[in-house]
Amino acid sequence: MHIKPGRRERLQQVLATVAARIAAGERGPLDEIGTVHSARWVILPDYGDEGGLLFASDYDGTWDEYIEDFAKKATESFQLIYDNCVGWPEGGATDIPAFKEYIKTHELTPEVYYRAYPRATVRQVNSALRLKRHLLDVFDAASE
């Protein structure tokens with residue numbers, strides 16, 4: 001998405017705040033959605049006068065469910081980020097049809113897509129990590 005004229009610095013500040021929250025280990029909207037494996041926002045410096053914003057993510061479930069989860073659980077964050085982009089709908093993510101159309105208009109199909117664990121959901125990965133921690137605790141206690 002093209003960044004609105006004069007809004008690149010504001011967008012960088014918003015993304016820096018998100019990055020700091022994630023680095024501090026604070027839970028956020030993407031955690032609440034619960035189906036997001038990874039998400040990245042990148043400012044593309046050579047995309048129009050102000051640059052562009054690229055968002056890429058991996059998620060479980062259908063595209064419609066994913067977008068509706070963003071609309072329900074990440075509305076404020078998406079408003080803060082995408083209000084700096086050209087064409088962002090007036091109702092933002094709360095206007096779900098306009099939000100979906102905005103995404104579809106800017107969506108790119110990857111030439112190559114790879115997933116190391118194509119059948120593992122976020123919930124399954126988190127469950128396996130909890131089980132691993134529990135087993136390590138049991139083994140540590142047994143070795144004392």
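A contact here means heavy atoms within 4.5 Å. The model is predicted, so local features need pLDDT of at least 70 and side-chain atom pairs count only at pLDDT 80 or more, while totals for chains, interfaces and linings use all residues. Residues are numbered from 1 along each chain as its sequence is written, and side-chain values use heavy atoms, with hydrogens and water left out.

**Whole chain**

Colour by secondary structure: the protein chain has 6 helices and 2 strands. Helices (H or I, at least four residues) and strands (E, at least two) are DSSP runs, numbered from the N terminus. Read from that end, the order is α-α-β-β-α-α-α-α. The radius of gyration is 18 Å, well over the 15 Å that the globule rule gives for 144 residues, so the chain is more spread out than a compact globule. That radius is taken over C-alpha atoms, and the rule is 2.2 Å times the number of residues to the power 0.38. Along the principal axes, the C-alpha atoms fill a box of roughly 65 × 30 × 30 Å.

Buried residues are 29% of the 144 in the protein chain; buried means under 20% relative accessible area, exposed over 50%, and partly exposed in between (1.4 Å probe, protein chains only).

Select α3, residues 63-73. Its buried residues are W63, Y66, I67, D69, F70 and A71. They pack against α2, β1, β2, α4 and α5.

Next pick K100, in helix α5. Is this lysine buried or exposed? K100 is buried, with a relative accessible area of 14%. Beyond its neighbours within four places in sequence, K100 contacts W63, D64, I67 and E68.

Move to S57 in strand β2, residues 52-59. S57 is buried, at 18% relative accessible area. Not counting residues up to four places away in sequence, S57 touches S38, A39, R40 and Y66.

Now show the largest pocket, with about 830 Å³ of space. Its 27 lining residues include F55, A56, S57, E107 and L108, the closest to its centre. On a 1 Å grid over the protein atoms alone, a pocket is an open set of points where a 1.4 Å probe fits, with protein on both sides within 12 Å along at least five of seven lines; lining residues have an atom within 4 Å of a point. Points are joined across faces, edges and corners, and the volume is the space filled by probe spheres set on them.

Which element gives the most to this lining? Strand β2 does, with 7 residues. By class, the lining of the largest pocket has 21 nonpolar, 2 polar and 4 charged residues. Ala, Val, Leu, Ile, Met, Phe, Trp, Tyr, Cys and Pro count as nonpolar, Asp, Glu, Lys and Arg as charged, and the others, Gly among them, as polar.

**The second largest pocket**

Finish at the second largest pocket, where about 630 Å³ of space lies. Select I22, L30, D31, V36 and H37, the closest to its centre of the 28 residues that line it. The largest share of this lining, 6 residues, comes from β1. α1, α2, β1, α4 and α6 each supply at least two residues. The lining of the second largest pocket divides into 15 nonpolar, 7 polar and 6 charged residues.
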